[in-house]
Structure formats: structure tokens, C-alpha cells
Amino acid sequence: MRYQSDLFEYEEDLSPLTDAQREVYEAVEQDGYGVREYARKTGRSKGTVGNLLRRARRRLGGDEA
């Protein structure tokens with residue numbers, strides 16, 4: 001009998017991010033919030049959330065879109 005090994009989830013190293021960048025990155029990239037939705041939820045402006053997300057992506061080596 002053959003057993004298939006379980007795959008594990010890869011967790012990205014978010015240590016280069018500030019607390020604010022990490023919070024926004026996790027909400028948008030991992031939890032599926034939209035930028036506008038998360039801005040409304042937290043009382044931040046859409047521009048602030050977008051800037052934090054852009055900076056987080058840049059620090060993590062991802063794209064800036």
C-alpha cells in the first residue's frame with residue numbers, strides 16, 4: 001500500500017515589513033479583502049492602504065501593481 005505524503009502550507013516570511021504593512025498585506029493578500037473594503041473597515045484612506053500594500057510587496061520582492 002502506498003501512502004501519499006501531505007503537503008504543507010508555505011508561510012511567507014513577513015519579518016521585513018512594518019506592523020502596518022504586515023497588517024495590510026495579510027488582510028489583502030491572504031484574507032482576500034479588497035483595498036477599498038479594508039480601508040473602510042480600518043478607517044484608513046484607500047490611498048494609505050494602497051501605499052502600505054505597495055511598499056509591502058516591494059519589500060517582499062514582489063510586483064508593485
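Helices here are DSSP runs of H or I with at least four residues, numbered from the N terminus. Gln21 sits in one of them, helix H1, residues 19-30.

A word on the source. This is a predicted model, where local features need pLDDT of at least 70 and side-chain atom pairs count only at pLDDT 80 or more, while totals for chains, interfaces and linings use all residues. Residues are numbered from 1 along each chain as its sequence is written, and side-chain values use heavy atoms, leaving out hydrogens and water.

Back to Gln21. Is Gln21 buried or exposed? Buried, because its relative accessibility is 5%. The cut-offs: buried is under 20% relative accessible area, exposed is over 50%, and partly exposed lies in between, with a 1.4 Å probe and protein chains only. Gln21 touches Leu52, Arg55, Ala56 and Arg59, setting aside residues up to four places away in sequence. Contact means heavy atoms within 4.5 Å. With Arg59, there is also a side-chain polar contact of 3.5 Å. That term means a pair of N or O atoms within 3.5 Å; within protein, one must be able to donate a hydrogen and the other to accept it, and residues adjacent in sequence count only if both atoms are side-chain atoms.

Next, the core. Nonpolar side chains tend to be buried together in soluble globular proteins. A nonpolar core is a set of buried Ala, Val, Leu, Ile, Met, Phe, Trp, Tyr and Cys residues joined through side-chain atoms within 4.5 Å. The largest one here has 12 residues, including Val24, Tyr38, Val49 and Leu52. H1, helix H2 (35-42) and helix H3 (46-59) each supply at least two of its residues. Leu52 also contacts Ala20, Gln21, Val24 and Arg44, its neighbours within four places in sequence left aside.

Now Tyr38, in helix H2. At 6% relative accessibility, Tyr38 is buried. Its side chain makes a polar contact of 2.9 Å with the side chain of Glu23. Tyr38 and Val24 are 14 residues apart in sequence, yet 7.9 Å apart in space, C-alpha to C-alpha.

How many aromatic pairs does the whole structure hold? One. Tyr33 and Tyr38 form it, edge-to-face, 5.6 Å centre to centre with 65 degrees between the planes. Rings of Phe, Tyr and Trp (its six-membered ring) pair if their centres lie within 6.5 Å; planes under 30 degrees apart are stacked, over 60 edge-to-face, the rest tilted. Tyr33 is partly exposed, at 25% relative accessibility.

Last, the H2 and H3 meeting place. Val35, Arg36, Tyr38 and Ala39 in H2 meet Lys46, Val49, Gly50 and Leu53 in H3.
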